[in-house]
Amino acid sequence: MAQTDGVVNGDANDPAPPHTIFDTILVLDFGSQYTHLITRRLRELSIYSEMLPCTQRLSELGWKPKGVILSGGPYSVYAEDAPHVDPEVFNLDVPILGICYGLQELAWNHGKNVLAGDKREYGHSGLKIQRHSGKQAHVDRLFEGLHDDMEVWMSHGDKLSHMPDGFLTVATTPNSPYAGIAHEEKEYYGIQFHPEVTHTPQGKEVIENFAVKICKAKQDWTMEAFVDKEIARIRKLVGEEGQVLGAVSGGVDSTVAAKLMHEAIGDRFHAVMVDNGVMRQDEAKQVKETLTKGLGVNLTVVDASERFLGLLKGVSDPEKKRKIIGNTFIEIFEEEAKKIAKEAENSPRAGPINFFLQGTLYPDVIESISFKGPSQTIKTHHNVGGLPEKMNLKLIEPLRELFKDEVRAMGTNLGIPSDLVWRHPFPGPGIAIRIIGEVTPDKVRIVQEADKIFIEEIRNAGLYRDISQAFAALMDGKSVGVVGDQRLHGHIIALRAVVTTDFMTANYYRFDYDFMDKVINRIGNEVHGVARVLYEMTSKPPSTIEFE
């Protein structure tokens, strides 16, 4: 599956995608849990990189990378059903780096000399670099400028049985005599350890040596450069009269996408926010203030809170909540889109609305193209899937090549306030999935008020950017409490705060007791109807970050 140009139903006349503008390192994924980190490390080095499945046919790629990295993977290269790279990779005439399984794949294509190891090697290990001189000195470039003894992270059971023809040893560990190999003539390198993980302290330098010193990739991937090129791309794609419709939620992704679209085509971008009644306290008001007055975005806010809350009455099942909210959102959005389209028809200076803005990020793309395939659906995600097809619109996805940290950098570059750029994620179904059981207006009020206090105190303590996501939720059932001299049969609030880099795994944040005392006392005193406050400490996995 070849990488698209960021537009569904595009054609050969679409503007050029980033891999045709920036020097690009291609990462081929063999199913490792770490593969996306390779791409992230390269981007952090200001080098553009894209990830594709290891089964990618080079004849369908349509562009030439500056270098190729073969990722790790959970397989054995000698197994009958093991995945293998397209042999044409070795005819690209570009440097290749094999990591873990990638090293074994490199060796397998140069003699099939891989077998199961007597001892597995998982965790930290000491790597010893072997230096060369004379005509062989060039094979040391992968470890140039690094110490001869390195701490690295290993995760493998198989290993090379002997050195492939034409290769030299450049690094060893006590259990892996061929922990690093390099071809004597071609720019092929293999390493048994994982340089992309933080457990390998000098791993980023290894990746930089490969990408910059060996592949000669330019370090020109910056959000400043990308913003200018993306604005030009959008203008060319939409044309001088085309108009774009898009939904915004107030989160960083949709806000950055909306601001970028406004910079490109001005008021020909029509943003719509649907207030579903289960947003954070005063959310709709704040978003309208920020986007319209602060950023100049053409925004319509639709207050549909009563409609949503009426449909959610008596519904306790979380999947039903999600579907009600998702389907109703589409209905309301379509209704509003028809109004905007009718108004747009009467505009003397613009053409019809023919594009739909969607805030797809690169992790979403990675999930869909991973060699392992899309993961099992743990819970339905709220989106507007199917809407453009029903409305006969083409998708335009200006953020689809970016990771979350890059989106934040773009937001800063576009002048979006830092409080909004660094705002914690908020689920599409909103507070409805932070209320266990039936959603009622009073329960929504309780969660909104408790959540506001929790976030206020986190900000006051200077902890907001240390935490990836924090919120209050309402548990099912009630608990006995005491208010003054009176018995209270009130609700139970659970607070949750997590730290994560990719939201695939997460650990709870360790607040000190004084902080928790202050938050719990404020919620108990200020939020009417709360009898008990808990702090939820389960990591992901086994839990998910949200409660439903």
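In the predicted model, the mean pLDDT of the protein chain is 86, and 89% of its residues reach 70 or more. Among the elements of the chain, strand β3 (residues 67-70) has the highest mean pLDDT, at 98, whereas helix α10 (residues 387-391) has the lowest, at 70. Two stretches remain under 50: residues 1-13, for which the model has 31 contacts beyond four places in sequence, and residues 373-384, for which it has 21 such contacts. Where pLDDT is low, the predicted coordinates should not be read in detail.

Serine 249 lies in the loop between β10 (243-247) and α5 (252-265). Its relative accessible area is 42%, so serine 249 counts as partly exposed, a term that covers values between the cut-offs of 20% and 50%. The side chain of serine 249 comes to 3.2 Å from the backbone nitrogen of glycine 251. When residues up to four places away in sequence are not counted, serine 249 touches Ser254, Met273, Met279, Glu283 and Val287.

Threonine 255, by contrast, is located in helix α5 and has a relative accessible area of 1%, which means that threonine 255 is buried.

Note on methods
Residues numbered from 1 in each chain as written. Predicted model: local features only at pLDDT ≥ 70, side-chain atom pairs only at ≥ 80, totals over all residues. Heavy atoms only, no water. pLDDT = per-residue confidence, 0-100. Helix = DSSP H or I, 4+ residues; strand = E, 2+ residues; numbered from the N terminus. Contact = heavy atoms within 4.5 Å. Buried < 20%, exposed > 50% of the residue type's maximum accessible area, 1.4 Å probe, protein only. Polar contact = N/O pair within 3.5 Å; in protein donor to acceptor, adjacent residues only side chain to side chain.
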